[in-house]
Amino acid sequence: MTESAAAPPSLPALTDLPVDGFSVLTSLPGARPFHAASVRRWLYARGATTVDAMTDLPKDFRAALAASYRLRSTKLALVRDSDDGTKKLLIELADGLTIESVLIPEAERTTLCMSTQVGCGVRCAFCASGMLGVVRNLTPGEMVEQFLWARETLAREQRELTNVVVMGGGEPLNNFEHLKVALETINHKDGLGFGARRITVSTIGIPSKIDRMEELGKQVNLAVSLHAPNEELRGRLIPGLDRVPLSDVLAAARRYFDRTGREITFEYVVLKDVNDRPEHARELVRLLRGMRGKVNLIPWNPVGDLPFQRPEREAVDTFAMILDEGGIKSTVRRPRGRDIDAACGQLRRRYPTGEALRNRGE
Ligand code: SAH
């Protein structure tokens, strides 16, 4: 290999620092104690993308900072606009892999759907993210930067983020420690200052981790992916999940509600003839009786050649009606951004690396 082909040593990214860990910067040449907070303010409150933009910092300190750190480690590689206003962000990581974030505008809110891993280890039978397994966890900065790119993409249209759902690629609770650091930065007043009540973490349901969820912010909302009203069907749809009894998942969700008072959302991807029959709805009513929460029915978004079908509209309506009669609140998620591959993991499937994106059409 020639010398020029060797990759330059990559500098650590400032976004990977815990929000209360910026004091390490004060050991750089030319630094004064208050510079740690100044840099953090430039990075998060003012969204600086270069050290040179930090104009009120002394030159020698700026030079030392630029020699030791990158501000961000990711690049916004592609933004796809859907006819319905949904935007899909393809983000290229320092190692060339890609992840997706989705921006979903609605009447009263604009939601960022954030990824936590490259790929996913849970391997739900109907989901694109898990098809190739988990490649790696995202770093805290790679999650924080999704927020930054989203904020900047929206700012160009004078819009602001109102909600964050941790529902993109990956299983968030399998990347708990990094997620914790990232959500601290997103939530903290010295970070991005985004309210924990407006953040939802969606999980396949790992009881020991649900029991630690307050560490992610006391008012974070919990969404649990159920997809089936009984053990046998759930096991078939989520084969990669270590045998966690459904009753343990529900018990952990109930404890979370008891401790936090935050109502739980149960997600249920609706698959034609697989879990969309009236008897499934009746079984779900029995399963969730006495739980404080609501069911979010998500008609399946087709993914490549996976052997499932979208449910009929009437089947979803009947399902919701049976839940309603059983005293269980539900909402039906409208499909969004289907013209831009917005179903989880589809854009990434097309462009798994930045290289693949640059070679498109060749
Ligand atoms: N690992 C987390 C986050 C996954 S994405 C979890 O399992 O909750 C958020 C939701 O989208 C999950 O409920 C997931 O099952 C669902 N989902 C995945 N692929 C889908 C598809 N093709 N169509 C509709 N929903 C899908």
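Domain 1 and domain 2 bury about 970 Å² between them, and carbon and sulfur atoms give 56% of that area. Buried area here is the accessible area (1.4 Å probe) that two parts lose on being put together, summed over both. In domain 1, T15, V19 and Y44 lose the most area to domain 2, together 57% of what that side buries.

This is a predicted model: local features need pLDDT of at least 70, side-chain atom pairs count only at pLDDT 80 or more, and totals for chains, interfaces and linings use all residues. Residues are numbered from 1 along each chain as its sequence is written, and side-chain values use heavy atoms, with hydrogens and water left out.

Now the two parts themselves. Domain 1 spans 14–68 and domain 2 spans 75–359; the bounds come from an automatic or database domain assignment. Their centres, taken over C-alpha atoms, are 34 Å apart. Ten residues from domain 1 and 16 residues from domain 2 make the contact, where contact means heavy atoms within 4.5 Å.

One salt bridge crosses between domain 1 and domain 2. The term covers a side-chain nitrogen of Lys or Arg within 4 Å of a carboxyl oxygen of Asp or Glu. The side chains of R40 and D190 form a salt bridge at 3.6 Å, N to O. On the side of domain 1 that touches domain 2, six residues are nonpolar, two polar and two charged. In this scheme Ala, Val, Leu, Ile, Met, Phe, Trp, Tyr, Cys and Pro are nonpolar, Asp, Glu, Lys and Arg are charged, and the others, Gly among them, are polar.

The whole structure holds 24 salt bridges. In one of them, R358 meets E92 at 3.0 Å, N to O. This pair links distant parts of the chain: R358 sits in helix 11 (residues 354–358) and E92 in strand 2 (residues 87–92), 266 residues apart. Helices (H or I, at least four residues) and strands (E, at least two) are DSSP runs, numbered from the N terminus.

Rings of Phe, Tyr and Trp (its six-membered ring) pair if their centres lie within 6.5 Å; planes under 30 degrees apart are stacked, over 60 edge-to-face, and the rest tilted. F22 and Y44 have ring centres 6.2 Å apart and planes at 70 degrees, so the pair is edge-to-face. F22 lies in the segment before helix 1 (35–45) and Y44 in helix 1, so the pair ties together parts 22 residues apart in sequence.

Finally, V181. It lies in helix 4 (residues 176–187). Leaving aside neighbours within four places in sequence, V181 contacts P18 and P140.
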